[in-house]
Amino acid sequence: MLARKGLLPDGFLLTRLAEDQNQPNRFRSRTQRARFITKSGSCNVAHKNIREQGRFLQDVFTTMVDLKWQHSLLIFTSAFLCSWMLFAMIWWLLAFAHGDLEPRDPNGEPGPEPCVTAIHSFTSAFLFSIEVQVTIGFGGRMVTEECPAAITVLIIQNILGLIINAVMLGCVFMKTAQANRRAETLIFSKNAVIAPRNSRPTFMFRVGDLRKSMIISATIQLQVIRRTLTAEGEVIPVCQLDIQVENPLRSNGIFLVSPLIISHTMERGSPLYELSANSLANEDLEILVILEGVVETTGITMQARTSYTPEEILWGRRFVSIITEEDGRYCVDYSKFGNTVPVRMSSLSAKELDQTKGVQQGSSESQLQGWGLVRAGRGGFRRGGRTCDSSAPHPWYAKSDEAEKVSEQNGQKKTVQLEVIGHQTDGLGDDSQ
């Protein structure tokens with residue numbers, strides 16, 4: 001339906017359907033296992049039974065920034081309302097103590113000058129509190145020189161209002177300009193693949209940036225989280241192992257100018273060295289991907305995260321190319337960002353492949369043993385045959401059966417005795433000159 005409406009290309013939907021058909025059914029029947037990092041990058045960890053809740057109040061600003069928007073707006077509104085109400089009560093008490101709230105006869109003699117003009121009730125005191133704190137200044141109410149206490153309260157409310165404004169506006173700015181908002185435009189492939197590269201099994205995934213503004217000093221880090229059993233029988237539920245990213249410079253830095261395929265060779269020393277196609281479905285592991293960098297436009301350090309479970313790792317598949325050159329510039333087709341194609345690949349692990357190669361190399365070396373270098377006469381060399389009895393102390397030929405090289409020079413036969421190089425045998429005569 002989406003392809004008919006033109007929202008997605010037909011090739012993308014057909015490729016995704018083909019990938020879904022190639023997926024083993026056992027992956028679909030398995031229950032979804034817990035993971036530490038979700039596909040969106042959030043931490044899937046619930047903290048329970050925390051007794052020291054007071055530690056969060058020691059860092060109030062960070063706690064308020066980490067809150068949800070509805071909670072932050074509730075605190076924002078409550079802080080202003082409470083401060084207005086508190087100082088409204090103080091202004092009303094000052095007016096009551098000074099006698100400004102007593103009814104006066106408009107035709108009689110004027111009373112003493114009030115502390116704050118035009119305050120006749122708690123409502124007028126509340127309105128004056130709002131005018132003072134937000135510096136509206138309608139002009140109907142003002143503080144007079146009659147009460148020094150009123151001047152002191154005016155100064156305190158102004159200072160407290162500035163502090164509340166600074167804290168609240170700072171929280172709103174930090175929540176709107178958080179670095180994780182930039183991570184929303186960094187995308188990772190839904191699945192990772194394992195395919196041969198340079199005759200070695202390689203773990204690969206794709207990462208791309210949708211914005212034109214680049215990530216400066218971008219680095220990428222891979223970690224494997226798996227349950228480990230020590231030699232003493234201790235079970236470590238979360239064992240983090242770093243994975244070396246395939247980079248000629250032996251560093252994790254990348255230049256994310258276009259979508260990149262990040263690869264890791266499954267060689268000796270790799271946490272994925274013993275991973276095979278058959279054991280992949282039963283592995284209890286999670287591969288974390290952490291991309292860090294500096295936002296070019298704001299200079300804020302950001303971090304994007306994702307993870308891959310065994311159900312999201314495809315064995316024997318490779319990502320398709322999505323970069324083409326058109327009119328002197330490179331174009332990226334994001335509709336094929338996560339598309340893969342099957343490749344021929346052995347189902348054995350990298351360790352088993354190395355062991356198989358080692359056996360073959362050992363057998364080939366054993367076949368080459370026993371071949372000696374034989375010198376024929378003066379200045380000539382040739383290779384001899386293979387020995388059948390390795391326990392014999394003499395060379396592959398006997399002294400009584402020494403071969404003779406016959407050559408014709410000037411019509412006469414010349415006999416040249418062969419000499420063995422590198423062997424010392426008893427009873428062998430002097431070398432012929």
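# Questions on a predicted model

Author: Ser217 is placed in strand E4, a strand being a DSSP run of E with at least two residues and a helix a run of H or I with at least four, both numbered from the N terminus. The model is predicted, so local features need pLDDT of at least 70 and side-chain atom pairs count only at pLDDT 80 or more, while totals for chains, interfaces and linings use all residues. Residues are numbered from 1 along each chain as its sequence is written, and side-chain values use heavy atoms, with hydrogens and water left out.

Reader: Why does Ser217 count as exposed?

Author: Exposed means over 50% relative accessible area, buried means under 20%, and partly exposed lies in between (1.4 Å probe, protein chains only). Ser217 has 60% relative accessibility and therefore counts as exposed. Its phi is near 55°, a positive value in a residue other than glycine.

Reader: Where is Asn198 found, and what makes it count as exposed?

Author: Asn198 is in the loop between E2 and E3. Its relative accessibility is 72%, so it counts as exposed. Asn198 is not a glycine, yet it has a positive phi of about 55°.

Reader: How do you know that Gly293 is buried?

Author: Gly293, which is found in strand E7, has 4% relative accessibility and so counts as buried. Contact means heavy atoms within 4.5 Å. Leaving aside neighbours within four places in sequence, Gly293 is in contact with Ile215, Ile216, Ser217, Ala218, Ile300, Thr301 and Met302. The C-alpha atoms of Gly293 and Ile220 are 8.8 Å apart, although 73 residues separate the two along the chain.

Reader: What makes Ser270 count as buried?

Author: Ser270 has 10% relative accessibility, so it counts as buried. The residue is found in the loop between strand E6 (260-265) and E7. Apart from neighbours within four places in sequence, Ser270 is in contact with His264 and Thr265.

Reader: What makes a set of residues a nonpolar core, and which residues touch the most other members of the largest one?

Author: A nonpolar core is a set of buried Ala, Val, Leu, Ile, Met, Phe, Trp, Tyr and Cys residues joined through side-chain atoms within 4.5 Å. The largest nonpolar core has 36 residues, of which Phe203 and Phe205 touch the most other members. Among the elements that give two or more residues to this core are strand E3 (200-209), strand E4 (215-229) and strand E7 (285-295). Another core, of 12 residues, lies apart from it and includes Trp91, Cys115, Ala125 and Ala150. As for Phe205, its contacts beyond four places in sequence include Phe188, Ile220, Val289 and Tyr308.

Reader: Why are H5 and H6 called oblique to each other?

Author: Two packed helices are described by the angle between their axes and the distance between the axes. Axes are lines fitted to C-alpha atoms, for helices over the stretch in contact, and angles run from 0 to 180 degrees between N-to-C directions. Angles under 35 degrees count as roughly parallel, over 145 as roughly antiparallel, 65 to 115 as roughly perpendicular and the rest as oblique. The axes of H5 and H6 cross at roughly 120° and come within 8 Å. H5 and H6 are therefore oblique to each other. Their contact has 14 nonpolar, 3 polar and no charged residues.

Reader: What makes H6 oblique to H7?

Author: Helix H6 (residues 122-134) and helix H7 (residues 148-176) pack at an angle of about 60°, and their axes are 8 Å apart. This angle makes H6 oblique to H7. Ser129, Val132 and Gln133 of H6 meet Leu154, Gln157, Asn158, Gly161 and Ile164 of H7. By class, the residues of this contact are 3 nonpolar, 5 polar and no charged.

Reader: How do you know that Ile119 is buried?

Author: Ile119 has 2% relative accessibility and so counts as buried. The residue lies in the loop between helix H5 (69-98) and H6. Beyond four places in sequence, its contacts include Ala95, Leu101, Ala125 and Phe128. Ile119 and Met142 are 23 residues apart in sequence, and their C-alpha atoms are 9.4 Å apart in space.

Reader: How many helices and strands does the chain have, and what percentage of its residues count as buried?

Author: The chain has 9 helices and 17 strands. Of its 433 residues, 32% count as buried.

Key. Ala, Val, Leu, Ile, Met, Phe, Trp, Tyr, Cys and Pro count as nonpolar, Asp, Glu, Lys and Arg as charged, and the others, Gly among them, as polar.
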